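Here is a short walk through one chain and its fold. Look at the structure first, then read on.

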Amino acid sequence: MNASAGADLSSSANATEDPPKRLREAGQVGPAKKDEIREKALKDLQRFHALMLDGHFDFGNGFHGRLYLNPHQLFRYPSTIWRFAQDLIDILPAELLDQTEVVAGPATGGALLAHTVAGLLDSRRAITGTPTMFAPFMVDTYRGPGLSRFYRQQIAGKHVLIVDDVRNTGQTLARCATIVRSAGGHVIATAELYDRMEYAAGACPLCKAGVPVTTF
Ligand SMILES: [Zn+2]
């Protein structure tokens, strides 16, 4: 993601071309506190068995990687996703949050997260303001993410924050951003709980080093 890279709980927030880079550390929570939040979130992800580190996973889509984020573990208890949504909001720049009119995410994990983030944003805003909207991208196995005509109309002219549970190759978030723009919305950032590094199976350094594939 170049045009609309955002933030994730696993590393430093990446500023985008739009909004400007000065927003990077302009959040309501200081950089040291943000690192603390990230560290705690990482521990929580492991504590809830949502995140497995230091493995050698075959994701079944032609990609291998060291990390595995289990969305079922993450979304099984609503309170778990509320917790991580709060953490994500805390590490995002305050100006970016102020601009957010719509939070959109790809089904299923990203949509559940987007719905929660949109609701939690309103809990931090004046009750007299316009409520934050939520929009789900429906994901087709073959065609990728899509947005219904209803939501395309709803997001026209709006500032949209796109969230997902895990960023793999970045293709899903890139496709979602393209859809928002084609519907006349403005993508202000993308954010995810975890940025999972992947390798094409043929170029996997773990395979080359003879590390056995992790099995469950
Ligand atoms: Zn491998």
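Two residues are counted as in contact if their C-beta atoms, placed from the backbone, lie within 7 Å. The model described here is predicted.

The chain has 216 residues, and 37% of them count as buried. Its secondary structure comes to 8 helices and 11 strands. Of the contacts between residues at least 6 apart in sequence, 73% join residues at least 24 apart.

One part of the chain can be followed step by step. Strand β9 (residues 159-167), helix α7 (residues 171-182) and strand β10 form a β-α-β unit that is right-handed. The two strands of this unit, β9 and β10, pair in the parallel sense over 8 bridges. Within this pairing, L161 stands opposite A189 in β10.

Helix α7 has 12 residues, which at 1.5 Å a residue should span 16 Å, and its end C-alpha atoms are 16 Å apart, in agreement. Which residues of α7 are buried? They are T172, L173, C176, A177, I179 and V180. Seen down the helix axis, the buried residues of α7 fall within an arc of 160°, so they line one face. An α-helix has 3.6 residues a turn, so residues three or four places apart point the same way. The face of α7 turned away from the buried side carries the exposed residues Q171 and S182.

The buried residues of α7 pack against β9 and β10, and also against β6 (102-106), β7 (133-140), β8 (144-146) and α6 (149-155). Just after α7, G184 takes a positive phi of about 90°.

Note on methods
Residues numbered from 1 in each chain as written. Predicted model: local features only at pLDDT ≥ 70, side-chain atom pairs only at ≥ 80, totals over all residues. Pairing = 2+ DSSP bridges. Helix = DSSP H or I, 4+ residues; strand = E, 2+ residues; numbered from the N terminus. Right-handed = clockwise from strand over helix to strand, strands pointing away. Buried ≥ 20, exposed ≤ 12 C-beta atoms within 10 Å, placed from the backbone. Expected span 1.5 Å × (residues − 1). Arc of directions from axis to C-beta.
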